[in-house]
Amino acid sequence: MILNLLQLSSPALPLGAYSYSEGLETLVETQIITDSQSLLQWLIQDLKFGAIRLESAIMVRAYRCVIQQEYNKLIYWNQWSTAAKETAELRQQSWQMGNTLIQLLVHLEGVKTTETLNLELPPLKNWVEQVGKPCNYAIAFGLGAAYWNLELKNALLGYLYSWATNLINAGVKLIPLGQTMGQTLLLQLHPEIEATTAAILKLKDEDLVSCNWGLALASMAHETQYTRLFRS
């Protein structure tokens, strides 16, 4: 199912992810992030302690809810994910990308060949009707990973890889950095992504915490930033 994984985690997926910087635009404006090394350290800290840990843990739980066909739990985690967002911009980003991905998955369900789908699951629209709108991105990705028959660890690696790719691309434009440096940063993040994946798969519900004051403050400041290229 490598092709399924590549497509679901591709930056080319039409979700509008390229229009979000998750606070990086403010951090560059205020010169907290000024070069490749400061960007790398920011991303590493987010992987170790920040909001992306919660987001990816929610994706894991959404995947498991679908496999176990637990509708109520999926609704709970969607609501939990919304409540965990600290700013309006981060919440709107998650909702917009999640709703868009859900629409795309429903459309592609009728296009993909049966051997690439998990045929033991009920129609995807059943889950969509239960979750309703807004649907957070992590929830939608978990749904897609389960229906596209991805192994959970690989789905989580793809989710984190997609996140890192999007933010590095934003950094390349904002700082700015060269494309080669962007690829260098992504390669340097591989060990951190692998370590974060292993840790998140073991997380219990009571351990779902993060420390991302810098992200929240940057996101709130971005709402009133004078000049902006990105939506967050």
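This is a predicted model: local features need pLDDT of at least 70, side-chain atom pairs count only at pLDDT 80 or more; totals for chains, interfaces and linings use all residues.
Colleague: What percentage of the residues is buried?
Modeller: Of the 232 residues in the protein chain, 54% are buried.

Colleague: How many helices and strands are there?
Modeller: The protein chain has 11 helices and 0 strands. Its radius of gyration is 17 Å, close to the 17 Å given by the globule rule for 232 residues, so the chain is as compact as a globular protein of that length.

Colleague: What does the C-alpha trace span along its principal axes?
Modeller: The trace spans about 50 × 35 × 30 Å.

Colleague: Turning to the rings, how many aromatic pairs does a search of the whole structure find?
Modeller: The search finds 6 aromatic pairs. One of them is Tyr137 with Tyr159, a stacked pair at 5.6 Å centre to centre, with 25 degrees between the planes.

Colleague: Where do Tyr137 and Tyr159 lie in the chain?
Modeller: Tyr137 belongs to helix H8 (residues 137-147) and Tyr159 to helix H9 (residues 152-174), so the pair links distant parts of the chain, 22 residues apart. Tyr137 is buried at 12% relative accessible area, and Tyr159 is buried at 4%.

Colleague: Why is the pair of Phe141 and Tyr159 edge-to-face?
Modeller: The planes of Phe141 and Tyr159 stand at 75 degrees, with the ring centres 5.0 Å apart, so the pair is edge-to-face. Phe141 lies in helix H8 and Tyr159 in helix H9, so this pair ties together parts 18 residues apart in sequence.

Colleague: Which residues form one aromatic cluster?
Modeller: Tyr76, Trp77 and Trp80 form one.

Notes. Residues are numbered from 1 along each chain as its sequence is written. Side-chain values use heavy atoms; hydrogens and water are left out. Helices (H or I, at least four residues) and strands (E, at least two) are DSSP runs, numbered from the N terminus. The radius of gyration is taken over C-alpha atoms; the globule rule is 2.2 Å times the number of residues to the power 0.38. Buried means under 20% relative accessible area, exposed over 50%, partly exposed in between (1.4 Å probe, protein chains only). Rings of Phe, Tyr and Trp (its six-membered ring) pair if their centres lie within 6.5 Å; planes under 30 degrees apart count as stacked, over 60 as edge-to-face and the rest as tilted.
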